[in-house]
Amino acid sequence: MSELRRICLLGFGEVGQVLAADLRAQGAEDIVAWDPLFRTPSSTPSRGAASGLARASVGAPSAVAAAHLIVSAVTAAQCVAAAADAAPALTPGAIYLDLNSVSPSTRTAAAARIENAGGRYIEAAVMSPIGPKRIASPMLLGGPHVEALLPHLRALGFRGATAFSTVIGRASAAKMCRSVMVKGMEALLGEALLAARHHGVEQAVLESLRDLFPGMDWRTLARYMIGRSLQHGRRRAEEMREVALTVDEAEVGSWMSRAAAERQDWAALHSAALEHPSLEPMLDGILARLEAGDART
(Lines give C-alpha, C1' and ligand atoms only; values in the text may rest on other atoms or scores of the structure.)
Protein backbone atom coordinates (compact mmCIF):
# COMPACT_ATOMS: atom_id res chain seq x y z
CA MET A 1 0.00 0.00 0.00
CA SER A 2 2.88 2.39 0.76
CA GLU A 3 4.01 2.11 -2.85
CA LEU A 4 0.69 3.40 -4.21
CA ARG A 5 -0.52 5.95 -1.70
CA ARG A 6 -2.51 8.31 -3.92
CA ILE A 7 -4.99 6.76 -6.35
CA CYS A 8 -6.76 8.54 -9.18
CA LEU A 9 -9.91 7.20 -10.83
CA LEU A 10 -10.69 8.54 -14.30
CA GLY A 11 -14.37 7.81 -14.83
CA PHE A 12 -16.66 7.50 -11.83
CA GLY A 13 -19.58 5.48 -13.09
CA GLU A 14 -20.44 1.95 -12.04
CA VAL A 15 -16.89 0.57 -12.28
CA GLY A 16 -15.19 3.61 -10.77
CA GLN A 17 -17.46 3.62 -7.75
CA VAL A 18 -17.07 -0.12 -7.15
CA LEU A 19 -13.30 0.29 -7.24
CA ALA A 20 -13.37 3.31 -4.92
CA ALA A 21 -15.44 1.46 -2.32
CA ASP A 22 -13.22 -1.63 -2.46
CA LEU A 23 -9.98 0.36 -2.39
CA ARG A 24 -11.21 2.14 0.73
CA ALA A 25 -12.06 -1.23 2.27
CA GLN A 26 -8.44 -2.25 1.60
CA GLY A 27 -7.20 0.83 3.49
CA ALA A 28 -6.66 3.36 0.71
CA GLU A 29 -7.32 6.85 2.04
CA ASP A 30 -6.21 9.24 -0.70
CA ILE A 31 -8.57 8.61 -3.62
CA VAL A 32 -9.35 11.36 -6.10
CA ALA A 33 -11.68 11.05 -9.08
CA TRP A 34 -12.59 12.90 -12.23
CA ASP A 35 -15.62 12.43 -14.43
CA PRO A 36 -17.04 15.00 -16.87
CA LEU A 37 -20.46 14.34 -15.34
CA PHE A 38 -19.27 15.96 -12.11
CA ARG A 39 -20.46 19.14 -13.82
CA THR A 40 -24.01 17.80 -13.41
CA PRO A 41 -24.88 17.64 -9.68
CA SER A 42 -27.68 15.11 -10.17
CA SER A 43 -25.54 12.65 -12.16
CA THR A 44 -24.57 9.22 -10.88
CA PRO A 45 -20.84 10.16 -10.68
CA SER A 46 -21.68 13.33 -8.73
CA ARG A 47 -23.82 11.41 -6.27
CA GLY A 48 -21.07 8.85 -5.83
CA ALA A 49 -18.50 11.53 -5.05
CA ALA A 50 -20.89 13.25 -2.65
CA SER A 51 -21.19 10.01 -0.70
CA GLY A 52 -17.52 10.26 0.21
CA LEU A 53 -16.19 7.43 -1.94
CA ALA A 54 -13.62 9.75 -3.52
CA ARG A 55 -12.62 13.38 -3.61
CA ALA A 56 -14.00 14.99 -6.78
CA SER A 57 -11.45 16.89 -8.86
CA VAL A 58 -12.13 19.85 -11.12
CA GLY A 59 -10.47 18.19 -14.11
CA ALA A 60 -8.34 15.31 -15.32
CA PRO A 61 -4.94 17.03 -14.95
CA SER A 62 -5.54 18.01 -11.32
CA ALA A 63 -6.83 14.50 -10.54
CA VAL A 64 -3.79 12.84 -12.11
CA ALA A 65 -1.18 15.17 -10.60
CA ALA A 66 0.88 13.43 -7.89
CA ALA A 67 -1.07 10.17 -8.22
CA HIS A 68 0.92 6.95 -7.94
CA LEU A 69 -1.82 4.86 -9.60
CA ILE A 70 -4.27 6.08 -12.22
CA VAL A 71 -7.15 3.78 -13.12
CA SER A 72 -8.93 4.64 -16.36
CA ALA A 73 -12.53 3.42 -16.43
CA VAL A 74 -14.10 5.77 -18.96
CA THR A 75 -16.04 4.71 -22.05
CA ALA A 76 -14.44 2.92 -24.97
CA ALA A 77 -14.77 6.00 -27.17
CA GLN A 78 -12.89 8.11 -24.61
CA CYS A 79 -10.01 5.72 -23.93
CA VAL A 80 -7.32 7.51 -25.96
CA ALA A 81 -8.62 10.98 -25.08
CA ALA A 82 -8.44 10.14 -21.36
CA ALA A 83 -4.83 9.00 -21.73
CA ALA A 84 -3.96 12.14 -23.69
CA ASP A 85 -5.53 14.36 -21.01
CA ALA A 86 -3.69 12.53 -18.25
CA ALA A 87 -0.26 12.37 -19.87
CA PRO A 88 0.98 15.95 -19.26
CA ALA A 89 0.19 15.73 -15.54
CA LEU A 90 1.72 12.30 -14.87
CA THR A 91 4.27 11.85 -12.14
CA PRO A 92 7.27 10.03 -13.68
CA GLY A 93 6.85 6.29 -13.12
CA ALA A 94 3.15 6.50 -12.24
CA ILE A 95 1.12 3.40 -13.08
CA TYR A 96 -1.70 3.88 -15.58
CA LEU A 97 -4.09 0.92 -15.37
CA ASP A 98 -6.42 1.02 -18.37
CA LEU A 99 -9.64 -0.98 -17.81
CA ASN A 100 -11.45 0.21 -20.92
CA SER A 101 -12.84 -2.34 -23.37
CA VAL A 102 -11.11 -1.38 -26.62
CA SER A 103 -9.35 -2.90 -29.61
CA PRO A 104 -5.62 -3.70 -29.64
CA SER A 105 -4.94 -0.73 -31.93
CA THR A 106 -6.81 1.67 -29.64
CA ARG A 107 -4.98 0.23 -26.65
CA THR A 108 -1.63 0.72 -28.39
CA ALA A 109 -2.49 4.37 -29.11
CA ALA A 110 -3.42 5.00 -25.46
CA ALA A 111 -0.26 3.26 -24.24
CA ALA A 112 1.91 5.47 -26.43
CA ARG A 113 0.47 8.61 -24.82
CA ILE A 114 1.30 7.36 -21.34
CA GLU A 115 4.70 5.79 -22.02
CA ASN A 116 5.92 8.85 -23.93
CA ALA A 117 5.05 10.97 -20.89
CA GLY A 118 7.06 8.78 -18.51
CA GLY A 119 4.21 6.71 -17.12
CA ARG A 120 3.98 2.92 -16.88
CA TYR A 121 1.02 1.66 -18.86
CA ILE A 122 -0.80 -1.60 -18.08
CA GLU A 123 -3.76 -2.82 -20.09
CA ALA A 124 -6.43 -4.68 -18.16
CA ALA A 125 -9.04 -6.84 -19.86
CA VAL A 126 -11.88 -7.42 -17.40
CA MET A 127 -13.21 -10.88 -18.23
CA SER A 128 -16.49 -10.85 -16.28
CA PRO A 129 -19.16 -8.42 -15.11
CA ILE A 130 -17.70 -6.20 -12.40
CA GLY A 131 -20.57 -6.78 -9.96
CA PRO A 132 -20.04 -10.27 -8.53
CA LYS A 133 -16.33 -10.15 -7.60
CA ARG A 134 -15.88 -6.37 -7.82
CA ILE A 135 -12.22 -5.31 -7.58
CA ALA A 136 -11.20 -8.99 -7.49
CA SER A 137 -12.84 -9.69 -10.87
CA PRO A 138 -10.74 -11.73 -13.31
CA MET A 139 -8.49 -9.43 -15.34
CA LEU A 140 -5.87 -10.21 -17.95
CA LEU A 141 -3.01 -7.72 -17.67
CA GLY A 142 -0.68 -6.80 -20.50
CA GLY A 143 2.43 -4.73 -21.07
CA PRO A 144 6.12 -4.73 -20.20
CA HIS A 145 5.54 -3.54 -16.60
CA VAL A 146 3.05 -6.20 -15.52
CA GLU A 147 5.32 -8.68 -13.78
CA ALA A 148 6.98 -5.98 -11.67
CA LEU A 149 3.76 -4.22 -10.69
CA LEU A 150 1.31 -7.10 -10.31
CA PRO A 151 2.16 -7.73 -6.61
CA HIS A 152 1.37 -4.08 -5.79
CA LEU A 153 -1.96 -4.26 -7.61
CA ARG A 154 -2.92 -7.49 -5.86
CA ALA A 155 -2.10 -5.89 -2.52
CA LEU A 156 -4.68 -3.21 -3.33
CA GLY A 157 -7.35 -5.86 -3.93
CA PHE A 158 -6.96 -6.74 -7.62
CA ARG A 159 -6.67 -10.40 -6.67
CA GLY A 160 -8.23 -11.69 -9.87
CA ALA A 161 -5.56 -10.04 -12.00
CA THR A 162 -3.08 -12.25 -13.84
CA ALA A 163 -0.14 -11.49 -16.11
CA PHE A 164 -1.20 -12.35 -19.67
CA SER A 165 1.38 -10.89 -22.03
CA THR A 166 4.22 -8.40 -22.16
CA VAL A 167 2.83 -7.22 -25.51
CA ILE A 168 0.22 -4.43 -25.38
CA GLY A 169 -2.97 -5.46 -27.18
CA ARG A 170 -3.06 -9.22 -26.65
CA ALA A 171 -5.16 -9.03 -23.49
CA SER A 172 -7.49 -6.62 -25.27
CA ALA A 173 -7.81 -9.04 -28.19
CA ALA A 174 -8.94 -11.78 -25.79
CA LYS A 175 -11.54 -9.47 -24.27
CA MET A 176 -12.80 -8.23 -27.63
CA CYS A 177 -13.17 -11.74 -29.06
CA ARG A 178 -15.08 -12.78 -25.94
CA SER A 179 -17.38 -9.78 -26.42
CA VAL A 180 -18.32 -10.99 -29.90
CA MET A 181 -20.03 -13.82 -28.04
CA VAL A 182 -21.27 -12.13 -24.85
CA LYS A 183 -22.54 -8.79 -26.17
CA GLY A 184 -23.57 -10.49 -29.40
CA MET A 185 -25.64 -12.97 -27.41
CA GLU A 186 -27.34 -10.09 -25.60
CA ALA A 187 -28.26 -8.58 -28.96
CA LEU A 188 -29.45 -11.92 -30.36
CA LEU A 189 -31.64 -12.69 -27.35
CA GLY A 190 -33.20 -9.25 -27.48
CA GLU A 191 -34.02 -9.46 -31.17
CA ALA A 192 -35.20 -13.08 -31.07
CA LEU A 193 -37.43 -12.79 -28.02
CA LEU A 194 -38.97 -9.44 -28.92
CA ALA A 195 -40.00 -10.89 -32.28
CA ALA A 196 -41.13 -14.13 -30.63
CA ARG A 197 -43.23 -12.26 -28.05
CA HIS A 198 -44.87 -10.25 -30.83
CA HIS A 199 -45.85 -13.50 -32.58
CA GLY A 200 -46.87 -15.20 -29.32
CA VAL A 201 -44.27 -17.96 -29.57
CA GLU A 202 -41.67 -16.95 -26.95
CA GLN A 203 -42.42 -19.98 -24.79
CA ALA A 204 -41.73 -22.34 -27.68
CA VAL A 205 -38.46 -20.55 -28.42
CA LEU A 206 -37.32 -20.74 -24.80
CA GLU A 207 -38.23 -24.44 -24.58
CA SER A 208 -36.30 -25.15 -27.77
CA LEU A 209 -33.25 -23.38 -26.36
CA ARG A 210 -33.51 -25.50 -23.21
CA ASP A 211 -33.51 -28.64 -25.35
CA LEU A 212 -30.51 -27.43 -27.33
CA PHE A 213 -28.53 -26.30 -24.24
CA PRO A 214 -29.78 -28.43 -21.30
CA GLY A 215 -29.31 -27.17 -17.78
CA MET A 216 -29.61 -23.48 -18.58
CA ASP A 217 -32.46 -21.32 -17.27
CA TRP A 218 -33.04 -19.41 -20.49
CA ARG A 219 -35.84 -17.22 -19.16
CA THR A 220 -33.68 -15.93 -16.31
CA LEU A 221 -30.63 -15.60 -18.55
CA ALA A 222 -32.59 -13.73 -21.20
CA ARG A 223 -34.05 -11.29 -18.64
CA TYR A 224 -30.56 -10.62 -17.30
CA MET A 225 -28.81 -10.23 -20.67
CA ILE A 226 -31.50 -8.13 -22.33
CA GLY A 227 -31.67 -6.04 -19.17
CA ARG A 228 -27.93 -5.36 -19.37
CA SER A 229 -28.43 -4.09 -22.92
CA LEU A 230 -31.24 -1.80 -21.81
CA GLN A 231 -29.19 -0.45 -18.92
CA HIS A 232 -25.76 -0.18 -20.56
CA GLY A 233 -26.53 -0.27 -24.26
CA ARG A 234 -24.68 2.89 -25.21
CA ARG A 235 -21.51 1.78 -23.48
CA ARG A 236 -21.85 -1.69 -24.97
CA ALA A 237 -22.35 -0.22 -28.45
CA GLU A 238 -19.09 1.68 -28.11
CA GLU A 239 -17.38 -1.52 -27.03
CA MET A 240 -18.83 -3.45 -29.96
CA ARG A 241 -17.46 -0.89 -32.39
CA GLU A 242 -14.05 -1.53 -30.86
CA VAL A 243 -14.77 -5.25 -31.20
CA ALA A 244 -15.48 -4.69 -34.90
CA LEU A 245 -12.10 -2.98 -35.27
CA THR A 246 -10.46 -5.98 -33.63
CA VAL A 247 -12.23 -8.40 -35.97
CA ASP A 248 -11.38 -6.24 -38.98
CA GLU A 249 -7.70 -6.38 -38.01
CA ALA A 250 -8.00 -10.15 -38.43
CA GLU A 251 -9.61 -9.63 -41.86
CA VAL A 252 -12.43 -12.09 -41.17
CA GLY A 253 -15.36 -9.67 -41.52
CA SER A 254 -17.07 -7.87 -38.62
CA TRP A 255 -20.70 -8.10 -39.79
CA MET A 256 -22.02 -9.62 -36.55
CA SER A 257 -20.14 -7.21 -34.31
CA ARG A 258 -21.31 -4.12 -36.20
CA ALA A 259 -24.90 -5.35 -36.17
CA ALA A 260 -24.65 -6.01 -32.43
CA ALA A 261 -23.43 -2.43 -31.91
CA GLU A 262 -26.57 -1.13 -33.63
CA ARG A 263 -28.82 -3.38 -31.56
CA GLN A 264 -27.11 -2.32 -28.31
CA ASP A 265 -27.53 1.36 -29.21
CA TRP A 266 -31.21 0.68 -29.96
CA ALA A 267 -31.71 -1.17 -26.67
CA ALA A 268 -30.48 1.84 -24.67
CA LEU A 269 -33.42 3.84 -26.02
CA HIS A 270 -35.82 1.45 -24.26
CA SER A 271 -34.32 1.49 -20.76
CA ALA A 272 -37.71 2.34 -19.21
CA ALA A 273 -38.63 -1.33 -19.62
CA LEU A 274 -36.12 -2.17 -16.86
CA GLU A 275 -38.87 -1.38 -14.34
CA HIS A 276 -40.31 -4.84 -15.06
CA PRO A 277 -38.56 -7.55 -13.02
CA SER A 278 -39.54 -10.50 -15.23
CA LEU A 279 -38.93 -11.24 -18.89
CA GLU A 280 -42.36 -11.14 -20.54
CA PRO A 281 -43.51 -7.81 -19.01
CA MET A 282 -40.15 -6.29 -19.94
CA LEU A 283 -40.60 -7.41 -23.55
CA ASP A 284 -44.17 -6.13 -23.51
CA GLY A 285 -43.00 -2.75 -22.28
CA ILE A 286 -40.69 -2.38 -25.28
CA LEU A 287 -43.28 -3.67 -27.75
CA ALA A 288 -45.92 -1.29 -26.41
CA ARG A 289 -43.71 1.68 -27.21
CA LEU A 290 -42.98 0.32 -30.66
CA GLU A 291 -46.64 -0.33 -31.38
CA ALA A 292 -47.41 3.23 -30.27
CA GLY A 293 -45.02 4.42 -32.97
CA ASP A 294 -42.35 5.61 -30.54
CA ALA A 295 -39.24 3.78 -31.70
CA ARG A 296 -36.94 6.26 -29.98
CA THR A 297 -38.08 5.90 -26.36
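Trainee: Is Cys79 buried or exposed, going by its relative accessibility?

Mentor: Cys79 counts as buried because its relative accessibility is 0%, where buried means under 20% relative accessible area, exposed over 50%, and partly exposed in between, with a 1.4 Å probe and protein chains only. Before we go on, note that this is a predicted model, in which local features need pLDDT of at least 70 and side-chain atom pairs count only at pLDDT 80 or more, while totals for chains, interfaces and linings use all residues. Residues are numbered from 1 along each chain as its sequence is written, and side-chain values use heavy atoms, with hydrogens and water left out.

Trainee: How many disulfides does the structure hold?

Mentor: A disulfide is a covalent bond between the sulfur atoms of two cysteines. The rule applied here asks for a pair of cysteine sulfur atoms within 2.5 Å, and by that rule the count is zero. Cys8 is in no disulfide, since the nearest cysteine sulfur, that of Cys79, is 14 Å away. Cys8 is also buried, with a relative accessible area of 0%.

Trainee: Which aromatic pair joins Phe12 to another ring, and what is its geometry?

Mentor: Rings of Phe, Tyr and Trp (its six-membered ring) pair if their centres lie within 6.5 Å; planes under 30 degrees apart count as stacked, over 60 as edge-to-face, and the rest as tilted. The structure holds four aromatic pairs, and one of them is formed by Phe12 and Phe38, which are edge-to-face at 6.1 Å centre to centre with 65° between the planes. This pair links distant parts of the chain, with Phe12 in the loop between β1 (6-10) and α1 (14-25) and Phe38 in the loop between β2 (30-34) and α2 (44-50), 26 residues apart; helices (H or I, at least four residues) and strands (E, at least two) are DSSP runs, numbered from the N terminus. Phe38 also forms an edge-to-face pair with Trp34, at 6.0 Å centre to centre and 80° between the planes. Ring pairs thus link Phe12, Trp34 and Phe38 into a cluster, in which Phe12 is buried at 0% relative accessibility and Phe38 is buried at 15%.

Trainee: What lies over the face of Trp266?

Mentor: A charge sits over a ring if NZ of Lys or CZ of Arg is within 6 Å of the ring centre and within 35 degrees of the ring normal. Here Arg263 lies over the face of Trp266, at 4.8 Å from the ring centre.

Trainee: Which residues touch the most other members of the largest nonpolar core?

Mentor: A nonpolar core is a set of buried Ala, Val, Leu, Ile, Met, Phe, Trp, Tyr and Cys residues joined through side-chain atoms within 4.5 Å. The largest has 58 residues, of which Leu9, Leu97, Leu141 and Phe158 touch the most other members. Helix α4 (residues 79-86) gives the most to this core, with five residues. Apart from it lies another core, of 17 residues, including Leu189, Leu194, Met225 and Leu279.

Trainee: What span should helix α12 have?

Mentor: The expected span of a helix is 1.5 Å times one less than its number of residues. For the 13 residues of α12 (residues 279-291) that comes to 18 Å, and the end C-alpha atoms are 18 Å apart, which agrees. Among the buried residues of α12 are Leu279, Met282 and Ile286. Just after α12, Gly293 takes a positive phi of about 85°.
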